[in-house]
Amino acid sequence: MRIEVKDLRFSYGGTKKRKTEKYALDGVSLTIEEGEFFGIIGQTGSGKSTFVQHLNGLIPLKEGMGEIKVGNYDLSDKRVNLKELRSKVGMVFQYPEYQLFAETVEEDVAFGVKNFFPEKSAEEIKDVVKTAIELVGLDYPALKDKSPFELSGGQKRRVAIAGVIASRPEVLVLDEPAAGLDPQGKKDFLELLERLHKDFVRTVVIVSHDMDLVAEYCDGAAVFKDGKIIKRGTTEEVFADRECIFKSGLDLPVVEYLKEKLAEKGEKIACGTKISEFLDAVTQRWGGKT
Amino acid sequence: MRDVSFGQYYPSFSAVHKLNPAIKILLSIAYIVAVFLVQPFYFLGFLACFTYIVLVTAVAKLPFFRVIKSIRAILFFVVLSAVIQVFVNKTGSPLWEGGFIYTGGLISAAYIVLRISMIVLGASLLTLTTSPVELADGIEFLLYPLKLIKFPVHEFALIMSIALRFIPTLLDETDRIIKAQKARGADFESKNLFKRAKAMIPVLIPLLISSFRRADELADAMDSRCYSGSKNRTKYKKLTFGWGDLIAALFTAGLIVGVVFLNGVYGVTV
Ligand SMILES: Nc1ncnc2c1ncn2[C@@H]1O[C@H](COP(=O)(O)OP(=O)(O)O)[C@@H](O)[C@H]1O
Ligand SMILES: [Mg+2]
């Protein structure tokens, strides 16, 4: 599903018309194509979370405050089927493990599926849940009857994500999903995301503070600052605009620094922002010699 | 969720904000007593109370609409009591020939509405000009005599201020969890009451768990700072009494005298 947002404005202050009214989103326009792995970056408080919560109607779109279209769903239409939309746009919040509640892992993962597809039989639901749990790399028979609260932090997070993808969303939105994970946990998690994007959810939108993550996995990215998008392009284009990156309090991914250092020594390496591409380019240049 | 402004403190640097919170609580009680002293249908007493509110609001540099807005929270209650009075109170004469509304009903409705409104205005002045922490300090001070009967005053005040401190945090947390479950298709708007109650389970359980987690963390943080209860504990902010407190007390005493005086001046009779 294609995501198309036009001139979106939003203020937490309600509808009061005051001159000093501060917009959390102040005229945001952004199109994310189907199939993209899209990154949203920006300082804390720049409006990233507010923006993504509009995409599945968690924050309702007010009249005259812009347009949002997700696939065929027009969110400015009052009659839009929010439940259906939310089954198609899965959302993983920061620290998703805090949303676990059921007695067993299986039940918790089934929660969304049961809500979205009440007509599904118990057998079907079991199937879907099993697939989701296995997809996030957990051992289904061993964990399904355990309480989610007995699991380790990393496992909890996987269960929470399984609970979101079990209803087979076409778009997966993740708001700072890697926060608080240890390096290995983070690596595993990112591999999981890539696997999901490859053969399960078409479009992935990720909000992150981790420039290396965005550089490595995202095709396109947008930079938020004070409720506005000040840069939108491919990941390479975004990180090429140094002024914009530093002005908005962000940093460059490691690859960009490496390229810069090499450039200082007179060695221009032309490649993207992915570590693998960089390594390939370097190997090609020096033929594997160090 | 943040609209539920509990305590609704309105920070500013005014003489009223700087008053000793214990005194402020006592004076608020005195003010409420003054409101109750207004004899039925001697409306001038309410005028005195209202003048008092307006003056305090001005000195406290509060926007007047913020003070008035506090009535909105109990508007339903006020309207209900007024309606009951109008329909039930059959004293005085009917408003029109054979009518069911009596002058007595109308006048006592007005009296009740004014009484409740005045009390709420006074209470909201207290919470608008006193931060929750100061309030807890003030209550701790006022409860001090209870120490004699071994009532754990300090602990009680601590529990109160922690509770107050965490209300906004818990509201935020509730908001987040509700959003997360909504994203998983939870339906909180169902017309069916039973369904709606059931929908709260996926919110309440994570909320409870995170409260316990927070409580643990807070206990650890307090332990690591060697907190050990009230024994030998000094205060960062000592409650002091100044000229302002004296003036405020005199001013409030003046209100009470004024109300008592006005009680004999002009009353509406039915
Ligand atoms: N629930 C809320 N109530 C009021 N203001 C909020 C709320 N959530 C966020 N804000 C404000 O909206 C702005 C954007 O916040 P947010 O979208 O959370 O930014 P980010 O996710 O980029 O850190 C900030 O100024 C923040 O203080
Ligand atoms: Mg955020």
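Analyst: **Salt bridges and the chain contact**

A:E33 and A:R2 form a salt bridge, with their closest N and O atoms 3.1 Å apart (a side-chain nitrogen of Lys or Arg within 4 Å of a carboxyl oxygen of Asp or Glu). This pair joins distant parts of the chain, 31 residues apart: A:E33 sits in the loop between strand 2 (25-32) and strand 3 (37-42) of chain A, and A:R2 in the segment before strand 1 (3-10) of chain A. Helices (H or I, at least four residues) and strands (E, at least two) are DSSP runs numbered from the N terminus. The model is predicted, so local features need pLDDT of at least 70 and side-chain atom pairs count only at pLDDT 80 or more, whereas totals for chains, interfaces and linings use all residues. Residues are numbered from 1 along each chain as its sequence is written, chains are lettered from A and ligands numbered from 1 in the order written, and side-chain values use heavy atoms, without hydrogens and water.

Over all chains the salt-bridge count is 23, and 1 salt bridge crosses the interface of chain A and chain B. There, the side chains of A:D108 and B:R184 meet at 3.2 Å, N to O.

On the side of chain A that touches chain B, helix 2 (82-88) and helix 3 (105-116) of chain A are the elements giving two or more residues. Helix 3 of chain A gives the most, with 5 residues. By class, this side has 11 nonpolar, 7 polar and 3 charged residues (Ala, Val, Leu, Ile, Met, Phe, Trp, Tyr, Cys and Pro are nonpolar, Asp, Glu, Lys and Arg charged, and the others, Gly among them, polar).

The contact, meaning heavy atoms within 4.5 Å, takes 21 residues from chain A and 16 residues from chain B. The area buried between chain A and chain B is about 1700 Å², with carbon and sulfur atoms giving 59%; buried area is the accessible area (1.4 Å probe) that two parts lose on being put together, summed over both. A:Y98, A:Q99 and A:F101 supply 33% of the area that chain A buries against chain B, more than any other three residues.

Ligand 1 lies between chains A and B. An oxygen atom of ligand 1 is 2.6 Å from an N or O atom in the side chain of A:S49.

Note on methods: Near = heavy atom within 4 Å. Polar contact = N/O pair within 3.5 Å; in protein donor to acceptor, adjacent residues only side chain to side chain.
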